[in-house]
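The following note is meant to be read beside the sequence and the structure. Please keep both in view while going through the numbered points.

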Amino acid sequence: METSYCGKNMEDDRKWLRDIEAQVEEERKNYKGPLCCLTMDATLESGEFLLSYDSKMREYSVRGGKCYKDGNDYAGFMLTHCPFCGTKLPKELRDEWFEELTKLLGFEVDISLDRRRIPKEFKTDTWWKKRGL
């Protein structure tokens, strides 16, 4: 007889796993959350993976880290499509962020020097939601 991990025998384990897979697939089909798919939502929510989302700039990216080969830091890269379901992600708004701030403040913003001058709404996703972007 095969060794079981969760039930009385391996067939019980297989049924248990099929039931869980069916439940997850049903949750994926019925997902109505803010992102393109349940997997992307769960991945970003967990914070355990190299994916990140910057709501201020509406940017999805793979975070940088250490290069396994030489140990040096490397920059991340932007995502244009969901790595899980392939859906095209919304356009990032970095250029628009700087344009809107320049219009509002009347000068080109250097965020390393002008952090205190940046209005509170521009520190979150409020600025682009307010403008319907």
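1. Does T43 count as buried or exposed? T43 counts as buried because its relative accessibility is 7%, where buried means under 20% relative accessible area, exposed over 50%, and partly exposed in between (1.4 Å probe, protein chains only). T43 has its place in helix α2. Leaving out residues up to four places away in sequence, T43 touches E48, F49, L51 and F84; contact means heavy atoms within 4.5 Å.

2. On the source: this is a predicted model, in which local features need pLDDT of at least 70 and side-chain atom pairs count only at pLDDT 80 or more, whereas totals for chains, interfaces and linings use all residues. Residues are numbered from 1 along each chain as its sequence is written, and side-chain values use heavy atoms, with hydrogens and water left out.

3. On confidence: pLDDT is the predictor's confidence in each residue, from 0 to 100. The protein averages 83, and 84% of the residues score at least 70. Where pLDDT is low, the predicted coordinates should not be read in detail.

4. On the overall layout: the protein has 4 helices and 5 strands, arranged along the sequence as α-α-β-β-β-β-β-α-α. Helices (H or I, at least four residues) and strands (E, at least two) are DSSP runs, numbered from the N terminus. Of the 133 residues, 23% are buried. Among contacts between residues at least 6 apart in sequence, 34% join residues at least 24 apart.

5. On the cores: a nonpolar core is a set of buried Ala, Val, Leu, Ile, Met, Phe, Trp, Tyr and Cys residues joined through side-chain atoms within 4.5 Å. The largest has 11 residues, namely Y31, L35, C37, M40, L44, L51, Y60, V62, L79, C82 and L89. The elements that give two or more residues to this core are α2 (38-46) and β2 (59-62). A second, separate core has 9 residues, including M57, I118, F122 and W127. In soluble globular proteins, nonpolar side chains tend to be buried together.

6. On L79: apart from neighbours within four places in sequence, L79 is in contact with L51, Y60, S61, V62 and L89.

7. On two loop residues: R58 lies in the loop between β1 (51-54) and β2. R58 is not a glycine, yet has a positive phi of about 55 degrees. The relative accessible area of R58 is 10%, so R58 is buried. R63 is found in the loop between β2 and β3 (65-66) and counts as partly exposed, at 32% relative accessibility.

8. On C85: its place is in the loop between β5 (77-78) and α3 (94-105). C85 counts as partly exposed because its relative accessibility is 39%. Leaving aside neighbours within four places in sequence, C85 is in contact with C36 and C37. The C-alpha atoms of C85 and T39, 46 residues apart along the chain, are separated by 8.3 Å.
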